[in-house]
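Here is a friendly walk through one structure, with the cut-offs spelled out along the way. Have a look at the sequence and the model, then read on.

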Amino acid sequence: MTKELDFEAIKNAAESHRADMTRFLRAMISHPSESCEEGEVVACIKAEMENLGYDEVKVDGLGNVMGFMGEGDKIIAIDSHIDTVGIGNIENWDADPYEGYETDEIIYGRGGSDQEGGMASATYAAKMMKDMGLIPEGYKIMVVGTVQEEDCDGMCWQYIYNKDGIKPEFVISTEPTDGGIYRGHRGRMEIRVDVHGTSCHGSAPDRGDNAIYKMADIIADVRALNNNGCDESTDIKGLVKMLDPKYNPEHYEDARFLGRGTCTVSQIFYTSPSRCAVADSCAISIDRRMTAGETWESCLDEIRNLPAAKKYGDDVKVSMYMYDRPSWTGEVYETEAYFPTWINKETAPHVKALVDAHKAMFGDERIGCEPSMDKRTGRPLCDKWTFSTNCVSIQGRYGIPCVGFGPGAESQAHAPNEVTYKDDLVTAAAMYVAALNLYDPSQADGDATVFRAGLTNNKID
């Protein structure tokens, strides 16, 4: 499948579409598209693909929009999630987050980096491949704008895999990578802790059993689990222990690459008969980021075995959330809020294709416009994400190899005054064209995966 490529011609073609990609991205940004409300931006993307002459464009039952170029039997996919988080406090924004502005270097607005910029680059990369005769023989290119990622990352690909029956050979994620090529990231899960109490009149609190007080003890232990070290004298050994071969002998090196796991209390709820009564229940949500060697079971057990949780015994319940919000089409795909960790070999063919493309066109160091370089200089070209992506399902669940390269900056994700960079749109489009033509599956040396976290026993199809 590999061929001699005119890299300068690819770079020039991408540059020729700079204004097109800028216009398209600003059009997407202009349509507010929080999770489960992506209908308008889907219509915008579908129209763009049809105008560019895609061979097939369709929207599936969940609301994912897909464009195909080529007629081969095998598929290589380029994934971009097209939902965004909300804007938060509008007072934190300097301009309208859905209209914004552009300069010679940046595009301002919600979704620019996270991650409709990737959709713009991918959409035009497929057009370039068709125009230049660079659709690899035997393949079709699938450019997909996926929904509900911000709510439940990877659920959209569970639907694509199980309901649409589409199983690509590999997938490029266009999540922002700060000019790097990313081959893995930590997993995560959403944990709920419920505590039972007994209410009474607030004038005589000793007659009751205050659930909030119990939960306060548990919260303190959760904080310690995240913050503590792991020496022998520590009652609650911190999550940093997974970087130590003593506690994680099989996967400590992988954990050091991905970074340590973390946990934080993200939400708190309660019930009480009134403001002058003792609370009879309290619950918290825990955002748990998982490194190599941690499992969904071990994460739940860590919370169950906290001293405060054990102290209150049967009054404490620790569980994993399920997700069942309807998509913008009304479709419901219920799944667990568990998102497996994954890492690829740096020598895997799909990773090597991106690295080789970058070195051929741009060198072996990260590039970008001047405002972006403070986050890029000195970092390795091949690295990992801090946050989570749809790859938790694509590779974490199904073993379909993934690699990341996308315009924009991780630091802009979910931030007010979000921007992305025009140079990145051009670079990413060129990279997708070159990498897909440098990809050589015959170079595979066994499974591409270094580490994948195990799945639960829940039947998700």
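## A covered helix

Helix H4 is mostly covered, with 18 of its 20 residues buried. Here, buried means under 20% relative accessible area, exposed means over 50%, and partly exposed lies in between (1.4 Å probe, protein chains only). Helices (H or I, at least four residues) and strands (E, at least two) are DSSP runs, numbered from the N terminus.

H4 spans residues 112-131 and reaches 26 Å from its first C-alpha to its last, close to the 28 Å expected at 1.5 Å a residue. That expected span is 1.5 Å times one less than the number of residues. Within H4 sits glutamine 115, which is joined to aspartate 114 by a cis peptide bond with omega of about -10 degrees. After H4 comes glycine 133, with a positive phi near 65 degrees.

## About the model

This is a predicted model, in which local features need pLDDT of at least 70 and side-chain atom pairs count only at pLDDT 80 or more, while totals for chains, interfaces and linings use all residues. Residues are numbered from 1 along each chain as its sequence is written, and side-chain values use heavy atoms, with hydrogens and water left out.

## Positive phi in two loops

Glutamine 148 is not a glycine, yet its phi is positive, about 65 degrees. This residue lies in the loop between strand S5 (139-146) and helix H5 (155-162), and it counts as buried at 0% relative accessibility.

Aspartate 178 also has a positive phi, near 55 degrees, in a residue other than glycine. Its loop runs between strand S6 (170-173) and strand S7 (181-182). At 3% relative accessibility, aspartate 178 counts as buried.

## How H1 meets H2

Helix H1 (residues 7-16) packs against helix H2 (residues 18-29) at about 45 degrees, with the axes 4 Å apart. Axes are lines fitted to C-alpha atoms, for helices over the stretch in contact, and angles run from 0 to 180 degrees between N-to-C directions. The two helices are therefore oblique to each other; angles under 35 degrees count as roughly parallel, over 145 as roughly antiparallel, 65 to 115 as roughly perpendicular and the rest as oblique.

In H1, Ala14, Glu15 and Ser16 meet Arg18, Asp20 and Met21 of H2, where contact means heavy atoms within 4.5 Å.

## Cysteines

How many disulfides are there? The count is zero, taking a disulfide as a pair of cysteine sulfur atoms within 2.5 Å. The sulfur of cysteine 200 is 11 Å from the closest cysteine sulfur, that of cysteine 276, too far for a bond. Cysteine 200 is buried at 14% relative accessible area, and cysteine 369 is buried at 5%.
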